[in-house]
Amino acid sequence: MIPGKDTQVGKNEAPKEKYGSFALFDIEHFLRRILKNWYWFVFMFLIGYAVSWVYSKYYAQNVYSSDLSLSISNNTSSYFSPNQSINFIWGQGGNQDGVYLKKMLFSRSHNEFLVKELNLFVNYATKGLVKSTYLDKDDSPVFFEIDKKHLQQVNYPITLIPKNNGTYEVVLPTEGQSTSLYSYETEGFQNIKPYNKPVNKIIKVNEWYNSPNLRFKLTQNPVTPNIKLDNIIINLSPVNQSVNDIVSTIAVNFDKEIGTIMVITKKGYNLNSTVNFLNKSVAELQKKRLEDKNIVNKNTTVYLQGNLSNIRKKLDSAAAVLNYLKTSEKLYNIKDRDEKSLERIKDLEAKKADIVSKISSLNNIKNSLQSQNFDKMIATNAAGFQDGFFSASVSELKALYTKRSELASIYKPTSEPMKEVNRLINEAKTGSLNSLKNYYTQYYDEINKIDREVSGANTDLAAYPEKERKYLDAERGYNMIEATYNSLLSRQNEAQLNVATNQSDISVIDPAKNLGQGPVSPNVKMIKTGIIFGMLLLPILFILVGELLDNKIRNIKELLGATKIPLLGVIGNNSNENMLTVLEQPKSSVSEAFRGIRASVRFLMDNNEDKGKVILITSSVGGEGKTYISINLASVLGLSDKKTILLGMDLRKPKIFGDFKIDNKYGISNYLTGEVNIDQIINKTKIPNLDVATSGPIPPNPSELLMSKRNISFIEELREKYDFIIIDSPPVGLVADSYELMKHSDANIYVVRHEYTEKYMLKMITEKYHNNEIEHLGLIYNDYNTKQGYGYGYGYGYGYGYGYFDEDKNYKEPLLIRIRNRMQIMFNKK
């Protein structure tokens with residue numbers, strides 16, 4: 001359907017603020033550009049695939065993971081591990097032994113011991129043409145042993161190249177030697193004087209290599225590795241760096257069903273290294289836990305041994321006194337002895353001696369608690385009691401002191417966290433001392449009771465002569481010391497038995513093993529997909545940015561929707577060298593489009609006048625095809641037996657004369673200044689009904705000439721002689737001349753060039769049209785690329801490939817159109 005005058009009816013119905021407003025993003029054109037640039041996506045896919053292949057083969061460092069599961073028993077109580085009888089103070093309810101063990105696994109002291117024990121600060125690797133591969137120590141044919149008393153340069157690759165007869169060439173980097181060297185004894189850096197680069201050297205196994213920044217030797221691996229290496233690269237790391245690297249690769253999880261089962265995971269670049277580390281780490285942990293459990297019993301054994309030595313001296317002294325009385329005083333056979341009373345007194349005094357010994361042990365525990373000397377504490381059974389609450393409170397108190405030391409490095413003494421931890425320490429200390437106080441009270445009550453019973457039994461012995469009573473007192477003293485000695489000896493035997501029979505509360509369920517596990521990362525497949533997808537995304541982003549920054553008209557539907565101005569026709573791309581397409585290619589699709597415009601433009605004009613019709617053609621800026629449209633529209637009107645004249649009124653930039661091969665010496669500018677008459681500027685063409693009046697020389701005042709009364713009279717005079725007057729006017733985006741000329745025209749044509757005209761340039765003409773400042777306005781869409789579509793049904797392009805136009809002989813349907821047609825044929829088959 002060709003829009004006519006009736007399209008202007010109700011043109012103000014749409015909200016005015018929407019006129020001239022284009023969408024920020026044209027999804028249709030965006031998709032067309034993507035399809036048009038398909039070869040870039042193929043190219044980027046190939047690049048992405050090549051990059052991902054090179055990455056996976058030469059650069060991807062596989063990370064392996066090994067697991068170890070263990071069980072934690074909680075059948076023992078110790079000052080040095082949390083007890084299950086009460087909740088741990090930091091809100092970690094449940095498996096407190098597991099939480100404590102987890103903290104030990106992540107502790108610096110534990111991992112620092114492993115780093116030094118296993119020489120984990122020595123890193124082994126080998127390098128191929130491109131890729132470096134990390135090695136386990138056992139994969140190397142030789143072990144790298146440093147002299148820890150010598151300063152060493154760390155993070156400095158040392159390459160060992162195997163030679164003949166067990167020798168190795170030491171190759172150092174060409175640059176990078178440092179004067180800041182690391183001491184493995186003090187674990188700090190020291191500066192030395194500058195030195196020359198150490199030379200490469202061939203050394204034998206067990207031969208020391210000496211340089212200012214290195215001292216090491218190679219020792220033979222007792223087990224021959226399965227792989228043969230062309231080179232071994234050694235990198236030394238500071239102890240602290242090695243510890244941090246190891247801690248960052250450890251993970252600990254507890255079984256959801258059985259909380260006492262712990263699974264420890266270690267990740268690393270070499271599977272054997274992770275396996276060896278986990279097994280060694282847990283073995284050391286078992287040893288440490290057993291030592292922690294035995295330390296109390298060992299302290300108790302040492303404490304009791306000291307007491308036994310003192311009591312032994314007293315026992316020997318009491319025995320000597322008793323023997324003296326027996327031999328010198330002949331008192332070993334006292335007549336009428338009250339054996340029953342004496343036996344009762346002996347039992348009471350033995351009980352008292354045992355309680356006194358327990359009080360002595362209780363004093364030792366109390367002093368260790370108050371002095372915070374937890375490592376010297378003895379077992380509570382040495383004091384005659386077993387108290388899980390007291391053991392747990394001591395463990396909590398020890399943990400609180402450790403926590404306070406950690407917080408002191410972060411917070412001020414008056415800060416809230418420090419106040420809180422001090423409050424918890426006081427509560428735990430008070431609870432512990434109150435527990436001991438109860439036992440003190442109990443023991444002293446028992447001693448007072450025994451003293452009363454002994455006092456009552458002594459009354460039965462008052463009748464004995466003084467000599468006999470002296471002997472009985474010596475005998476009672478010996479028996480009491482002997483009872484104390486036996487009590488201490490019994491408790492010492494118990495502590496020694498505990499040391500001998502104690503076992504670690506950590507038992508390994510599944511040790512770490514090398515079962516040929518595959519790498520856990522990187523996910524090569526996902527990374528390859530990401531690389532390829534990223535490469536494919538680049539052209540999309542490039543096109544998207546281009547779309548967002550591009551403000552040119554590319555879509556006819558969007559143009560009509562934004563402007564609401566009738567479309568007269570669509571002109572395809574001009575393949576002719578000059579502008580006379582209608583004359584030189586009369587059977588072309590472009591020529592047919594101009595014939596359609598000739599029919600459409602009549603709908604813009606009022607047909608109630610007998611005078612010639614003035615058609616003004618303008619555009620936003622130069623280069624949009626305004627003159628091209630003017631020439632061919634005038635040509636098609638002239639060829640239809642309509643007397644037509646083409647006026648070149650773009651006085652600033654004359655063009656028309658060249659295509660018609662007319663001399664531009666005299667033209668409209670000369671006529672408007674009165675230099676020549678009208679007949680002198682009208683030129684005939686090879687089309688009988690088409691005349692041309694060129695612009696003439698560029699005047700100094702083109703605007704004044706175009707808006708002068710002489711120019712208006714000139715147009716009116718031409719109305720009497722011609723059926724159509726085609727005015728090639730200046731672009732309205734640059735000057736306002738055309739707006740004045742439009743007041744005297746019957747139809748106004750605004751040329752929009754495909755992928756050339758900027759969207760914002762149409763805002764002014766659109767607003768003037770809908771404000772009724774301009775009437776009889778229509779659009780021509782010029783230079784449309786036929787590969788993108790077929791005219792949207794607006795008088796252009798019956799479609800190539802149907803033998804209708806001259807271009808059909810060279811026409812080849814686009815790939816997408818061919819695919820579409822094939823699919824239509826396929827689905828329409830019956």
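## Overview

Of the 830 residues of the protein, 46% count as buried (under 20% relative accessible area, with exposed meaning over 50% and partly exposed in between, for a 1.4 Å probe and protein chains only). This is a predicted model: local features need pLDDT of at least 70, side-chain atom pairs count only at pLDDT 80 or more, and totals for chains, interfaces and linings use all residues. Residues are numbered from 1 along each chain as its sequence is written, and side-chain values use heavy atoms, with hydrogens and water left out.

The protein has 22 helices and 23 strands. These are DSSP runs numbered from the N terminus (helices are H or I with at least four residues, strands are E with at least two). Among contacts (heavy atoms within 4.5 Å) between residues at least 6 apart in sequence, 78% join residues at least 24 apart.

## Helix 1 and helix 11

Helix 1 (residues 27-36) and helix 11 (residues 524-549) have axes that come within 10 Å and cross at roughly 140 degrees. Axes are lines fitted to C-alpha atoms, for helices over the stretch in contact, and angles run from 0 to 180 degrees between N-to-C directions. That makes helix 1 oblique to helix 11 (under 35 degrees is roughly parallel, over 145 roughly antiparallel, 65 to 115 roughly perpendicular and the rest oblique).

Helix 1 brings His 29, Phe 30, Arg 33 and Ile 34 to the contact, and helix 11 brings Ile 540, Ile 543, Leu 544, Gly 546 and Glu 547. By class, this contact of helix 1 with helix 11 has five nonpolar, two polar and two charged residues. Ala, Val, Leu, Ile, Met, Phe, Trp, Tyr, Cys and Pro count as nonpolar, Asp, Glu, Lys and Arg as charged, and the others, Gly among them, as polar.

## Two further helix pairs

Helix 14 (residues 589-601) packs against helix 15 (residues 626-639) at about 75 degrees, with the axes 9 Å apart. The two helices are therefore roughly perpendicular to each other. Val 590, Phe 594, Arg 595, Ile 597 and Arg 598 of helix 14 meet Tyr 628, Ile 629, Asn 632, Leu 633, Val 636 and Leu 637 of helix 15. The contact of helix 14 with helix 15 has eight nonpolar, one polar and two charged residues.

Helix 12 (residues 556-563) and helix 21 (residues 762-770) pack at about 45 degrees, their axes 10 Å apart. That makes helix 12 oblique to helix 21. Leu 559, Ala 562 and Thr 563 of helix 12 form the contact with Leu 762, Thr 766 and His 770 of helix 21. Three of the residues in this contact of helix 12 with helix 21 are nonpolar, three are polar and none is charged.

## A buried arginine

Arg 719 lies in helix 19 (residues 709-721). At 7% relative accessibility, Arg 719 counts as buried. A polar atom of the Arg 719 side chain lies 2.9 Å from the backbone oxygen of His 744. Leaving aside residues up to four places away in sequence, Arg 719 touches Lys 611, Gly 612, Lys 613, Val 614, Ile 725, His 744, Ser 745 and Asp 746.

## Backbone details

A cis peptide bond joins Ser 521 and Pro 522, with omega about 0 degrees. Pro 522 sits in the loop between strand 15 (506-510) and helix 11.

Glu 187 is not a glycine, yet its phi is positive, near 55 degrees. Glu 187 is in the loop between strand 7 (180-183) and strand 8 (188-191). Gln 372, also not a glycine, has a positive phi of about 60 degrees. Gln 372 is in the loop between helix 7 (339-370) and helix 8 (388-408).

Conventions. Polar contact = N/O pair within 3.5 Å; in protein donor to acceptor, adjacent residues only side chain to side chain.
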